[in-house]
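Thanks for making time this morning. Let me put the model up, and then we'll go through it piece by piece.

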Amino acid sequence: MALQAAYSLLPSTTASIHKEGRFSASLKETNLTSFSFSNNLRSDKISIKKQRRQNPQFSTGIRAQTVTATPPANEASPEQKKTQRKGTAVITGASSGLGLATAKALADTGKWHVIMACRNFLKAEKAAKSVGMSKEDYTVMHLDLASLESVKQFVDNYRRTERPLDVLVCNAAVYQPTAKEPSFTAEGFELSVGTNHLGHFLLSRLLLDDLKKSDYPSKRMIIVGSITGNTNTLAGNVPPKANLGDLRGLASGLNGQNSSMIDGGEYDGAKAYKDSKVCNMLTMQELHRRYHEETGVTFASLYPGCIATTGLFREHIPLFRLLFPPFQKYITKGYVSEEEAGKRLAQVVSDPSLGKSGVYWSWNNNSSSFENQLSKEASDAEKAKKLWEVSEKLVGLA
Ligand code: NDP
Ligand code: PMR
């Protein structure tokens, strides 16, 4: 397969090609979106009947636990009627890809003011302009998630604006699949886990107080996850697989002295990214367990689909970047455009029918949302607790 050719050019992954041969052989007969799909369908009979009663157009062909019926733009839902003011959503990494598309989708409704929390101020301003966002619908604020000081500074600056905080979207990420050596954040943590998990962990913990204070009818915190961190899927079985082990590397500081990988193993940039996504999904569930009842905040994660054209793959080899979009479009059929993915994340931000807490959302081929199942590791409550405790120490909260 063409993508395998690109993949095989990566020295760190050549050992896995044989395994992938098996994956590609099974491609034709597998529902490529997720292994857990059929499980979802089995446990879903009651909800499908209910959906049919509520919506006569609902057909058995739609494989969804929750089919979202987005209200027409001119018809306010009861949730929206309760408030007159615009909602304010902070989106990290809104200067490109999914974050930018979500900011645009929310701004276009006229009901949201988006705080674009970005490390490159000018890039974010240009990006907002390039997609046609109006000045009154967004504010760019500086945030570098690879620095805990910057995270604290962002929170201080945000509080100074005296804006309410209604929704926080932890979206930014880095992916370093070709790096031979680890790089590190300002405080010396391996960059992918440091940025994608630890930076967001501190941000979400600090901003939880601000979310609590909001009088908005539906307060939400969303942490973007991914299929590749879930080993109950085909995509999650492409080596190197996510695995946090017993968190010994994280516990020893993730600083390259002992190890720069969470499980204590050899550095592998692709695995570090997938591990960070497992951390994102575990953190969302731990937040839900600890705070949902007390605060009323909805905590959610999602896999928006494979947005194969974004900047996430900027460090991948050129051949991969050339072949990945057609591979996802025509072979796996997992591809979604940035615009479509932005609409999906915007639903998780504001759609009343996606207000359930503790859920990992996915979409089927008809773009209907459903509650997806996480892998064993990504739903391991004990691991989530341990991750929480170790992360608290690393970011200075304990
Ligand atoms: P992009 O690279 O387009 O966007 C990532 C964003 O994160 C950019 O705005 C980038 O800023 C920002 N960012 C990176 N490092 C930092 C930092 N230290 N501080 C602040 N911001 C930072 O990728 P995507 O849009 O694809 O990724 C968005 C999310 O979607 C990620 O969480 C990713 O894991 C997830 N995802 C993506 C999938 C895909 O197929 N693309 C699939 C599943 C999940 P800058 O513009 O300055 O580089
Ligand atoms: Mg994957 C259903 C099949 C499927 C889906 C939905 C994805 C999504 N991928 C699938 C299958 C395969 N991929 C197969 C069979 C292969 C072997 C040829 C394969 C390979 C592959 C590579 C080399 N895929 C990748 C890479 C990356 O570097 C991307 C990655 O893992 O980034 C961490 C990636 C992805 N595949 C996806 C998605 C969504 C990604 C982007 C990663 C993410 O954000 O999680």
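Where is the place of P240? P240 sits in the loop between β5 and α10. Helices here are DSSP runs of H or I of at least four residues, strands are runs of E of at least two, and both are numbered from the N terminus. The bond joining P239 and P240 is a cis peptide, with omega about -5°. As background, most peptide bonds are trans, and most residues other than glycine have a negative phi.

Ground rules next. This is a predicted model, so local features need pLDDT of at least 70 and side-chain atom pairs count only at pLDDT 80 or more, while totals for chains, interfaces and linings use all residues. Residues are numbered from 1 along each chain as its sequence is written, chains are lettered from A and ligands numbered from 1 in the order written, and side-chain values use heavy atoms, leaving out hydrogens and water.

Now the overall picture. The protein has 14 helices and eight strands. Of its 398 residues, 56% are buried. Buried means under 20% relative accessible area, exposed means over 50%, and partly exposed is in between, with a 1.4 Å probe and protein chains only. A contact is heavy atoms within 4.5 Å. Among contacts with a separation of 6 or more, 73% link residues 24 or more positions apart. The protein exposes about 17600 Å², and carbon and sulfur atoms supply 51% of that. Those areas are Shrake-Rupley, with a 1.4 Å probe; for residues, only the protein chains shown count as cover.

On to the cores. A nonpolar core is a set of buried Ala, Val, Leu, Ile, Met, Phe, Trp, Tyr and Cys residues joined through side-chain atoms within 4.5 Å. In soluble globular proteins, nonpolar side chains tend to be buried together. The largest core here has 62 residues. Those with the most contacts inside it include V90, F154, L250 and F299. Elements giving at least two residues each include β2 (112-118), α9 (191-213) and α14 (381-394). The largest share, nine residues, comes from α11.

Take L250. Beyond its neighbours within four places in sequence, L250 is in contact with V193, M261, I262, L387, V390, S391 and L394. There is also a second, separate core of 37 residues, including A89, I222, I307 and L354.

Which residues does V349 touch? Not counting residues up to four places away in sequence, they are L106, W112, V167, V169, R220 and I222. V349 is in helix α13 (residues 338-350). At a relative accessible area of 1%, V349 is buried. V349 and V169 are 180 residues apart in sequence, yet 7.9 Å apart C-alpha to C-alpha.

H197 is a polar case, in helix α9. H197 counts as buried too, at 1% relative accessibility. Its side chain makes a polar contact of 2.8 Å with the side chain of S391. Polar contact means a pair of N or O atoms within 3.5 Å; within protein, one must be able to donate a hydrogen and the other to accept it, and residues adjacent in sequence count only if both atoms are side-chain atoms.

Now ligand 1. There are 32 residues around it, and S95, K123, N171, Y273 and T310 come nearest. Near means a heavy atom within 4 Å. Backbone atoms matter for our list: oxygen atoms of ligand 1 lie 2.6 Å from a backbone N or O atom of N171, 2.8 Å from a polar backbone atom of L98 and 3.0 Å from a backbone N or O atom of L312. The protein covers 98% of the 890 Å² of accessible area that ligand 1 has on its own.

K123 is in helix α7 (residues 121-130). K123 is partly exposed, at 35%.

E162 is in the loop between α8 and β4, and is exposed at 71%. K333 lies between α12 and α13, and is exposed at 53%.
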